Amino acid sequence: MGVMQTILFAVGPVGSVHREQRFRCLRQMAKEALRIAATADVHYAKHSRGMFHDAFAEISSSADMLLLCGDLTDYGLPEEAQELVADIRAAVRIPTIAVLGNHDFESGQPELIAKVLDDAGVNVLNGEAIEIAGVGFAGIAGFGGGFGRRMLNAWGEPLIKQFVQESISHAVRLEQALAKLQSEKRIAVLHYSPIRATLQGEDPEIYAFLGSSRLEEPINRFKVTAVFHGHAHNGILDGKTSTGIPVYNVSAPALTKTGKPYRIVEL
Ligand SMILES: [Fe+2]
Ligand SMILES: [Fe+2]
């Protein structure tokens, strides 16, 4: 069993995608359900090696691929990423896709974090799309901005406009990545949430910093099959977009109540 991977395109400074040969061929699985394991907010620190080793080993024996939905490190330090990739190298035997989270930007070295992951065979998506076993994945961290009628608009001070522009930029790049996918099944991989529903349990005061409805618009328009996100440590696990697309919050702290720090979804 292997993975047939098609790299559709690669843009942006984080995570150049050039690793066709790292995947086994999954051609025979293209028409079958894909077991997608997902987690987020593992927040690896300088001495975290081993933290997810057993979970990764379980995932490798029970899923076809793994999504890491951001906040992979605590302070965005390359040495923290090295701790994580030590566990990935030791225990992950399936194709892995990642997006970065806000913590991975903390030390101003997101490109280095992405490179450490890339060197371990992880596909880091930053506005890029990739196809694995006939399923398309569009990935980007996303950004805050709030939801629905209460969404922050680009009006007033230059800093507010800059904040909103960043939110719009992530939505546009998600849209561009989705537009490249030809596959019947299309998955959005995010750190920030595209909907309010999965944030229940978080303080309402921070909802606007946990995601944005701007991400939801291209997800609905491109009739995405499912969305995975992290960032909402205290949120709930399941939600739907306004058109009924399933949204999974796979933040590991939120998942602990299930008994596993990851979730497997068959799509
Ligand atoms: Fe987090
Ligand atoms: Fe986060």
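Which helix makes a β-α-β unit with β2 and β3, and what is the handedness of that unit?

Modeller: Happy to. The helix is α1 (residues 53-62), and with β2 and β3 it makes a right-handed β-α-β unit. Right-handed here means that, with the strands pointing away from you, the path from the first strand over the helix to the second runs clockwise. Helices (H or I, at least four residues) and strands (E, at least two) are DSSP runs, numbered from the N terminus.

Two notes on reading the model. Residues are numbered from 1 along each chain as its sequence is written, while chains are lettered from A and ligands numbered from 1 in the order in which they are written. The model is predicted, and local features need pLDDT of at least 70, side-chain atom pairs count only at pLDDT 80 or more, and totals for chains, interfaces and linings use all residues.

Let's start with β2 (residues 35-39). Four of its five residues are buried, so β2 is largely enclosed by the rest of the structure. A residue is buried if 20 or more other C-beta atoms, placed from the backbone, lie within 10 Å of its own; it is exposed with 12 or fewer, and partly exposed in between. Strands count as paired when DSSP finds at least two bridges between them. On one pairing, β2 runs parallel to β3 (residues 65-69) over four bridges, with Ala37 opposite Leu66 and Ala38 opposite Leu67. Another four bridges tie β2 to β12 (residues 263-266), this time antiparallel, and there Ala38 faces Arg263.

Now step back to the sheet. Five strands make an open sheet with mixed pairing, in the order β5-β4-β3-β2-β12. Its edges are β5 (123-124) and β12, each of which pairs on one side only.

The helix of the unit has a neighbour too. The axes of α1 and α2 (residues 78-91) come within 9 Å and cross at roughly 35°; these axes are lines fitted to C-alpha atoms over the stretch in contact, with angles from 0 to 180 degrees between N-to-C directions. The crossing is right-handed, that is, the near helix is turned clockwise from the far one by less than a right angle. His53, Phe56, Ala57 and Ser60 of α1 meet Asp87, Ile88, Ala90 and Ala91 of α2, where a contact needs C-beta atoms, placed from the backbone, within 7 Å.

β3 also leads us to the core. In the largest nonpolar core, which has 72 residues, Cys69, Phe137, Val189 and Leu190 touch the most other members, and β3 gives the largest share, five residues. Such a core is a set of buried Ala, Val, Leu, Ile, Met, Phe, Trp, Tyr and Cys residues joined through C-beta atoms within 7 Å. Leaving aside residues up to four places away in sequence, the partners of Leu190 include Cys69, Ile140 and Val227.

β7 (residues 135-139) pairs with β8 (residues 185-189) in the parallel sense over five bridges, and Gly136 stands opposite Arg186. The chain passes from β7 through α4 (residues 158-180) to β8 in a right-handed β-α-β crossover. β8 is also joined to β9 (residues 226-229) by three bridges, in parallel, with Ala188 partnered by Val227.

Notes: Contact = placed C-beta atoms within 7 Å.
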